[in-house]
Amino acid sequence: MAAQTDAAKSKDKVIFLFDVDGTLTPARKEVSPEMLAFLADLRTKVTIGFVGGSDLKKQEEQLGKDVLSMFDYCFSENGLMAFKDGVKIGQQSIATHLGEDNLQRLINWVLAYLSNITLPCKRGTFIEFRAGMLNVSPVGRNCSQEERDAFEIYDGEHNIRSTMVTAMKAEFADLNLTFSIGGQISFDVFPQGWDKTFALQFVSEFEEIHFFGDKTHEGGNDYEIYEDSRTIGHAVTCPDDTMKICAEIW
């Protein structure tokens with residue numbers, strides 16, 4: 001946690017980067033009008049951006065269809081899809097990086113593993129293929145909000161995701177992958193170095209890079225960027241806490 005920011009610094013010297021789920025919005029829910037107003041006001045004082053694990057479509061669902069014009073920088077899939085002032089400035093592909101054989105090896109293993117565990121419920125879309133990562137959900141991304149909330153509690157008691165991640169780390173040690181648990185129901189799988197710190201290459205000109213996230217513990221998908229020496233990390237508990245901490249430091 002950093003000391004207070006010097007409010008006298010110009011807008012182009014300071015950037016505030018935000019996680020999405022649990023930071024700007026409740027997990028997988030829409031942003032509040034209060035947060036939108038807060039961000040619009042904040043943007044007049046500092047440069048703002050978000051760094052989320054989800055793809056741009058899901059971020060548009062949560063933050064609004066005009067999300068690319070609401071933020072100065074938009075980093076989908078940990079920055080593997082990067083936008084500045086609404087213009088794409090970077091894109092990476094996990095399929096190209098790993099190759100088809102290794103990609104199918106991963107997918108086949110995940111499906112086999114999930115077929116051998118029993119949960120309170122299972123729905124559809126257990127693996128979501130994204131440009132820069134695989135998102136794995138034991139309960140399935142097609143679950144309802146009620147089922148999502150129930151799985152989060154069950155996972156906290158039975159460590160479904162963390163146990164699966166441990167097994168995958170052993171099975172795929174040769175692929176140099178990172179496994180990052182985030183949100184309520186899933187975890188991301190991507191090449192080492194493709195965590196949220198990937199986005200930092202696009203904002204290196206700023207003198208201060210503040211990052212706000214709720215999954216800042218080791219193993220959480222905000223951990224690496226929160227701990228990175230290039231950022232000033234702020235751990236938050238919810239969107240209201242995000243606004244409170246921002247107001248305190250700026």
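Biologist: Hi! At what angle do helix H5 and helix H7 pack?

Modeller: Hello! In this predicted model, helix H5 (residues 100–114) packs on helix H7 (residues 160–171) at about 140 degrees, and their axes are 12 Å apart.

Biologist: What does that make H5 relative to H7?

Modeller: Oblique: angles over 145 degrees would count as roughly antiparallel, and the angle here is about 140 degrees, so H5 is oblique to H7.

Biologist: Is the crossing of H5 and H7 left-handed or right-handed?

Modeller: H5 passes H7 in a right-handed crossing.

Biologist: And which residues make that contact?

Modeller: From H5 you have Arg 105, Leu 106, Trp 109, Val 110, Tyr 113 and Leu 114. H7 brings Thr 163, Met 164, Ala 167, Met 168 and Glu 171. Sorted by class, the contact of H5 with H7 has eight nonpolar residues, one polar and two charged.

Biologist: Let's switch to another pair. How do H1 and H9 cross?

Modeller: The axes of helix H1 (residues 33–43) and helix H9 (residues 239–249) come within 11 Å and cross at roughly 25 degrees. H1 and H9 are therefore roughly parallel to each other. Their crossing is left-handed.

Biologist: Which way do S4 and S5 run, parallel or antiparallel?

Modeller: Strand S4 (residues 81–84) and S5 run antiparallel, and four bridges join them. For one of the partners, look at Lys 84: its bridge partner in S5 is Val 87.

Biologist: How many of the residues of H2 are buried?

Modeller: Six of the eight are buried, so H2 is largely enclosed by the rest of the structure. The buried ones are Leu 56, Lys 58, Gln 59, Glu 60, Gln 62 and Leu 63.

Biologist: What do they pack against?

Modeller: The buried residues of H2 pack against H1, S2, H3, S3, S4 and strand S6 (127–129). Just after H2 there is also Gly 64, which takes a positive phi of about 125 degrees.

Biologist: Last topic: Asp 72. Where is it found, and is it buried or exposed?

Modeller: Asp 72 is in the loop between helix H3 (67–70) and S3. Its relative accessible area is 10%, and buried means under 20%, so Asp 72 is buried.

Biologist: What does Asp 72 touch?

Modeller: Leaving out residues up to four places away in sequence, Asp 72 touches Lys 11, Arg 43, Val 46, Thr 47, Ile 48, Phe 83, Lys 84 and Asp 85.

Biologist: And back to Leu 106: what separation do its C-alpha and that of Asp 72 have?

Modeller: Those C-alpha atoms are separated by 35 Å, with the two residues 34 apart along the chain.

How values were computed. Residues numbered from 1 in each chain as written. Predicted model: local features only at pLDDT ≥ 70, side-chain atom pairs only at ≥ 80, totals over all residues. Heavy atoms only, no water. Pairing = 2+ DSSP bridges. Helix = DSSP H or I, 4+ residues; strand = E, 2+ residues; numbered from the N terminus. Axes fitted to C-alpha atoms, helices over the stretch in contact; angles between N-to-C directions. Parallel < 35°, antiparallel > 145°, perpendicular 65-115°, else oblique. Left-handed = near helix turned anticlockwise from the far one by under 90°. Contact = heavy atoms within 4.5 Å. Nonpolar A, V, L, I, M, F, W, Y, C, P; charged D, E, K, R; others polar. Buried < 20%, exposed > 50% of the residue type's maximum accessible area, 1.4 Å probe, protein only.
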